Amino acid sequence: MVDILFLLMVKHCICDLGLQSQLLWGKTINKQYYFGCHSHYLHHALGTLLVMLLFFNPLLALKIAIIDYIAHWHIDYTKHRVQLYWNLGRKDKAFWWVTVVDQLLHFLTYYTFVVYLVN
């Protein structure tokens, strides 16, 4: 269980920090639109698929990857809508607290996957 959770968190860091900053810099504003920035969510789904394939059969791994895609999409969309509604920028303290909640929701998603799959 710990291995799966650790790998999902590594995947999250790679996708949310590495790939997003290198491949999508300046394009993530599209997350404020419901159908914006799906390449970012696809990065997460593919990463989750790779992690899950190490532990589970391909069909189950694909199902979890699709759920991660949908969850990541809706968590990020909601975060961006809240930031837009409150007109929050990186210099605002509330921006960072909204980001904390965003990251906690992503980690809760991974924790839920692991608890469900291992039990």
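Which side chain meets that of Lys11 in a salt bridge? The side chain of Asp68 does, with a nitrogen-to-oxygen distance of 3.0 Å. A salt bridge here is a side-chain nitrogen of Lys or Arg within 4 Å of a carboxyl oxygen of Asp or Glu.

The model is predicted, so local features require pLDDT of at least 70 and side-chain atom pairs count only at pLDDT 80 or more, while totals for chains, interfaces and linings use all residues. Residues are numbered from 1 along each chain as its sequence is written, and side-chain values use heavy atoms, with hydrogens and water left out.

## Overall architecture

The protein chain contains four helices and zero strands, in the order α-α-α-α from the N terminus. Helices (H or I, at least four residues) and strands (E, at least two) are DSSP runs, numbered from the N terminus. Of the 119 residues in the protein chain, 39% are buried. Buried denotes under 20% relative accessible area, exposed over 50%, and partly exposed the range in between, with a 1.4 Å probe and protein chains only.

Contact means heavy atoms within 4.5 Å. Among contacts in the protein chain with a separation of 6 or more, 69% are between residues 24 or more positions apart. The protein chain exposes about 7400 Å², of which carbon and sulfur atoms supply 72%. Accessible areas come from the Shrake-Rupley method with a 1.4 Å probe, and for residues only the protein chains shown count as cover.

## Salt bridges

Side chains of opposite charge can pair when their charged atoms come close.

| Salt bridge | N to O distance | Burial |
|---|---|---|
| Lys11 and Asp68 | 3.0 Å | both buried |
| Asp102 and Lys79 | 3.9 Å | both buried |

The Asp102–Lys79 pair links distant parts of the chain, with Asp102 in helix H4 (residues 93-118) and Lys79 in helix H3, 23 residues apart. The bridge of Lys11 and Asp68 likewise links distant parts of the chain: Lys11 belongs to helix H1 (residues 2-23) and Asp68 to helix H3, 57 residues apart.

## Aromatic pairs

Rings of Phe, Tyr and Trp (its six-membered ring) pair if their centres lie within 6.5 Å; planes under 30 degrees apart count as stacked, over 60 as edge-to-face and the rest as tilted. The count by this rule comes to five aromatic pairs. One of them joins Tyr41 and Tyr69, whose ring centres are 6.2 Å apart and whose planes stand at 90 degrees, so the pair is edge-to-face. This pair links distant parts of the chain, since Tyr41 is in helix H2 (residues 38-53) and Tyr69 in helix H3 (residues 58-85), 28 residues apart.

Tyr41 is buried, with a relative accessible area of 0%, whereas Tyr69 is partly exposed at 21%. The rings of Phe55 and Phe56 have centres 6.4 Å apart and planes at 50 degrees, so that pair is tilted. Phe55 is partly exposed, with a relative accessible area of 35%. Tyr41, Tyr69 and Trp73 form one aromatic cluster.

Leaving aside neighbours within four places in sequence, Tyr69 is in contact with His38, Tyr41, Leu42 and Ala45. The C-alpha atoms of Tyr69 and Leu46 are separated by 8.7 Å, the two residues being 23 residues apart along the chain.

The expected span of a helix is 1.5 Å times one less than its number of residues. The 16 residues of H2 should therefore span 22 Å, and the end C-alpha atoms of H2 are 22 Å apart, which agrees. The buried residues of H2 include His38, His40, Tyr41, His43 and His44.

Gln83 lies in helix H3 and is buried, with a relative accessible area of 7%. Apart from its neighbours within four places in sequence, Gln83 is in contact with Leu88, Phe95, Val98 and Thr99.

## Cysteines

A disulfide is a pair of cysteine sulfur atoms within 2.5 Å, and by this rule the count comes to zero disulfides. Cys13 is partly exposed, with a relative accessible area of 40%, whereas Cys15 is buried, at 3%.
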